[in-house]
Each structure stands twice: as structure tokens, then as C-alpha cells.
Amino acid sequence: MKFQRLAFILAIIFSNSFTYAQRFGGGEANPKLRTNKQALSHFQDNRFGMFLHWGPVTLRGVEIGWSRGTAVPIADYDELYKEFNPVLFDADAWIKTVKAAGMKYIVITTKHHDGFCLWDSKFTDYDIMSTPYKKDIVKELAVACKKYGVDFGIYYSLADWHHPDYATRYGGDPRPVKSSKMSRYVTYMKNQLKELIENYDPTLIWFDGGWEECYTHEIGMDLYAYLRNLKSNLIINDRIDKAITGIEEKKYDNPEKYAGDYETPEQRIGAYNVNEPWETCMTICQQWSWKPNDTMKGLETSLLTLSKVAGGGGNLLYNVGPMPDGRFEKRQTDMLLEMGKWLDKNGEAIFKTQGGPYEPTSDFVTTRKDTKIYLHILNKALSGITLPIPENVKINKIVNLDNGKSIAFDVVNNTIKLQLVPSISIPYIIEIETNTNTKGLRTIKRNLY
Ligand code: FHN
């Protein structure tokens with residue numbers, strides 16, 4: 001009995017230690033789920049990217065996918081491609097804006113739930129080459145990303161309410177499901193994903209739409225392994241499988257069981273997690289695809305979101321919905337360029353950093369890199385901060401990154417006190433120079449300060 005009890009305890013101890021390794025490489029338990037950790041840490045270093053939801057539906061200014069059969073009758077929605085002619089689309093202009101905004105990668109909807117393909121696909125005519133525009137949007141963006149050194153990511157919806165073999169209908173689609181054959185649809189997806197990988201070489205595939213019953217955990221695992229074999233350093237999000245933490249806001253107690261390289265909290269700041277990669281996706285406006293006169297988030301809100309996500313250890317994928325003529329709205333471009341100016345001054349506190357070591361509060365979050373800890377001040381009125389300092393850490397100097405001015409501080413009994421001047425613009429960054437490599441510091445719990 002004693003031996004069995006000991007074996008049980010050891011099994012519990014080791015099973016947890018394999019969770020991270022299994023899911024992110026290292027553990028031998030399930031090679032199907034092995035990702036490329038080097039590619040993943042590069043993705044994490046990128047920190048800030050642009051999500052792009054675009055397609056013929058922008059002609060009506062309603063939500064992509066979801067308005068098929070609701071705001072727009074299916075028969076009309078499925079004909080919109082015949083009008084789609086974004087003559088002002090300029091891939092170089094888009095990617096120049098991405099770079100000027102300080103963003104390091106893009107994720108473009110190559111196919112959303114409506115099934116329309118923004119690239120020249122050999123496997124369907126429901127694609128950009130059947131529109132009056134007749135140019136491969138995805139190709140042009142892939143070329144522009146390479147030209148300007150921006151990582152190229154693609155969004156691909158596993159749900160396809162247009163495809164006859166996808167076995168779930170939406171929007172009152174009258175077609176009988178019995179004629180649908182998911183195995184044929186999976187083959188269609190594999191063919192399309194193979195041509196996307198081989199012809200456009202994305203660094204990342206952002207899956208979505210896997211929540212419907214017809215798409216199973218088995219399909220997700222098989223698809224992950226298929227893609228992993230096609231491109232070993234491809235980054236694949238958690239929505240390729242059924243542990244869709246981003247939408248359900250729930251933790252899975254056995255994440256190693258599910259495929260996917262990182263978690264995808266949506267329209268919210270993800271929970272503090274400096275051990276596993278995650279990315280918040282969020283709209284700059286309210287709608288994912290373009291909507292005339294949509295409500296837009298301002299510069300301060302956008303920068304606070306970026307700081308809070310980085311302070312929690314995550315990436316921010318910030319969404320722009322391009323207009324039907326192929327341009328970004330000027331107000332969105334202008335705001336993004338202001339974010340870029342802030343990042344010109346403060347980007348060292350965002351890029352290639354790790355979240356923490358202090359757990360986030362409503363007044364501040366922290367990031368760290370090399371021997372530095374960056375305090376992101378989120379509260380305009382804050383006039384001072386008192387924090388415990390980790391053992392053996394010495395503070396050499398403290399500087400306000402915004403104005404370059406040194407900040408006076410006291411250290412008493414492993415506690416640092418620093419005075420702040422309430423500021424008109426937030427977030428602003430206080431850089432703390434220490435004598436230690438901060439990456440190794442354990443998280444300092446919020447109840448200690
Ligand atoms: O249904 C989609 C939605 O249109 C959008 O693409 C977002 C982006 O994360 N994902 C799904 C909703 O969770």
C-alpha cells in the first residue's frame with residue numbers, strides 16, 4: 001500500500017512538471033504537440049502586432065462572417081465579391097503604417113467564417129481572383145512584410161459557413177447538412193493551408209472558429225501535426241483545437257492534451273502569466289471588420305492596453321478593419337502613428353521584455369530585460385511607490401524614460417521608496433537599473449506591496 005501511495009504522489013509531481021514541456025516542447029509525452037521554442041520566443045519578443053479583418057463584406061460596413069444571413073441575406077452576401085474592387089489597396093502603405101506604429105507583425109484574415117479567400121487558391125473560385133480586383137492580396141502583403149522586415153501571419157477560419165462540406169450551418173442557411181462531409185472539408189483545409197504555407201511562408205497561423213461541434217479535438221490534433229510537419233518553426237495558436245481559452249475565459253486543467261502554441265484572450269487583458277506565451281487580440285474600434293463611424297479607442301487607452309498586456313507577459317494583436325477601397329481610416333492611422341512615437345521613446349520597456357517581476361496593480365505594471373526593471377505607471381495622480389526588493393538586488397539608478405531625468409529613491413530594509421511627479425500623460429515608464437539579470441527573478445506577489 002505504502003509503495004502505491006508513493007508512486008501516486010510521484011506521478012502527481014511529475015505530471016505537472018511535464019505540462020509546460022509537453023505543450024511547448026521539451027517533454028517527450030506527446031511529440032505531436034512539440035512546438036519550436038526558438039520561434040515562439042521570437043514571437044513573444046515581438047509583443048505588438050496588427051490584426052486585419054478584411055473582405056467583400058466591408059462593402060456593407062457590417063461584421064465579417066457573422067452578418068452572412070443576418071444583417072445581409074445569404075444570397076446577397078455571397079455575391080458581394082463581384083463588387084469587391086479595392087483599387088486603393090497598397091500593401092507597402094499598409095506595412096509602412098504597421099512599422100511606423102511600432103508593430104512587429106501582422107495577421108490578415110485570409111479566410112474568415114464566410115469562406116471567402118483573399119488569396120489565389122487552387123481549391124476554390126470563391127477567392128480574390130474572381131473579383132474585379134483580380135490581384136492576390138495575400139501575396140502582396142507577404143512580399144511587403146518581407147521587404148520591410150515585418151513578420152507575416154495569417155488568420156484562417158476552421159468554420160466555413162459557405163463551404164458545402166462544412167457540417168454546420170449559420171444565418172438560416174437552408175442547405176441540408178446531411179450532404180456535408182467533414183472529411184472532405186478537412187482535406188480542403190489541408191490543401192489550402194499547404195498552399196498558403198508553401199506560397200506565402202507565414203511565420204504564424206491564427207486559427208479561429210473551431211468551437212462548433214462538427215470540428216473535433218481529433219481533427220485539431222491531426223491538423224496541428226500536419227502543419228508541424230509542413231513547417232517546423234510555424235507558430236500556431238490554441239484555437240486550432242478545442243481548448244479555446246481566449247473565448248471561454250477558462251483555464252483547462254490538462255492543457256497538454258490540446259494542440260496550440262499560445263493562448264488567445266480576446267477583447268480583454270490576459271491574466272498575468274510570465275511562463276507561457278499568450279496574446280490579447282482586441283479591436284481598435286468596436287467591430288472587427290470596417291464599420292462607418294465606429295467608436296474608436298484613443299491613444300491613452302491603447303497605450304495603457306499595450307502596457308498592461310506586456311506587464312502580464314503577453315502580446316497585443318490590435319485590430320484594424322480596412323475600408324472597402326483598400327485604405328485604413330485616417331483617424332486609425334493617425335492614432336497608430338502616435339503609438340509609434342511613444343514606442344520610439346519607450347519601446348525598450350515593451351519589446352524583448354518579460355512580464356513582471358511584480359504582479360500587476362491598477363497603479364502600475366512591470367516588465368524587465370537584462371539588468372533593468374521597467375515600472376509602467378498607469379495612474380496619473382500617483383505621487384510615490386513603495387516596493388519590496390528581491391534578495392541581493394541592488395538598485396544603481398532610476399530614470400524617467402519620458403524626460404530622461406533621474407528619480408530620487410531610498411532603500412530601507414529591502415524596500416524601495418520612490419517619489420513620483422503626477423504626470424499628464426500615461427502610461428509613462430520608470431527605468432530601474434539593478435545589478436542583477438532580472439529575467440531570473442521570481443514573481444513578487446501583489447499582497448507584498
Ligand atoms: O468570430 C470571430 C470574430 O469574427 C473575430 O474574428 C474574432 C477575432 O479573435 N474571433 C472570433 C470571435 O471569437
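1. Which residues come nearest to the ligand? In this predicted model, they are His-53, Trp-66, His-113, Asp-208 and Glu-266, out of 14 residues around the ligand. The shell around the ligand divides into 8 nonpolar, 3 polar and 3 charged residues.

2. Of the 330 Å² of accessible area that the ligand has on its own, the protein covers 93%.

3. The structure holds 22 aromatic pairs. One of them joins Trp-54 and Phe-89, whose ring centres are 5.6 Å apart with the planes at 35°, so the pair counts as tilted. Trp-54 and Phe-89 are both buried, and they belong to one aromatic cluster that also includes Phe-84, Trp-94, Tyr-133 and Phe-328.

4. Trp-66 and Tyr-170 form an edge-to-face pair, with 5.2 Å from centre to centre and 90° between the planes. Because Trp-66 lies in the loop between strand 1 and helix 3, and Tyr-170 in the loop between strand 3 (151-157) and helix 6 (182-200), the pair ties together parts that are 104 residues apart in sequence. Trp-66 is partly exposed, at a relative accessible area of 35%, and Tyr-170, at 21%, also counts as partly exposed.

5. Two lysines deserve a look: Lys-104 lies over the face of Phe-351, 4.3 Å from the ring centre, and the charged end of Lys-190 sits over the ring of Tyr-226, 5.1 Å from its centre.

Definitions and conventions. Residues are numbered from 1 along each chain as its sequence is written. This is a predicted model: local features need pLDDT of at least 70, side-chain atom pairs count only at pLDDT 80 or more; totals for chains, interfaces and linings use all residues. Side-chain values use heavy atoms; hydrogens and water are left out. A residue is near a molecule or strand if one of its heavy atoms lies within 4 Å of it. Accessible areas come from the Shrake-Rupley method with a 1.4 Å probe; for residues, only the protein chains shown count as cover. Ala, Val, Leu, Ile, Met, Phe, Trp, Tyr, Cys and Pro count as nonpolar, Asp, Glu, Lys and Arg as charged, and the others, Gly among them, as polar. Rings of Phe, Tyr and Trp (its six-membered ring) pair if their centres lie within 6.5 Å; planes under 30 degrees apart count as stacked, over 60 as edge-to-face and the rest as tilted. Buried means under 20% relative accessible area, exposed over 50%, partly exposed in between (1.4 Å probe, protein chains only). Helices (H or I, at least four residues) and strands (E, at least two) are DSSP runs, numbered from the N terminus. A charge sits over a ring if NZ of Lys or CZ of Arg is within 6 Å of the ring centre and within 35 degrees of the ring normal.
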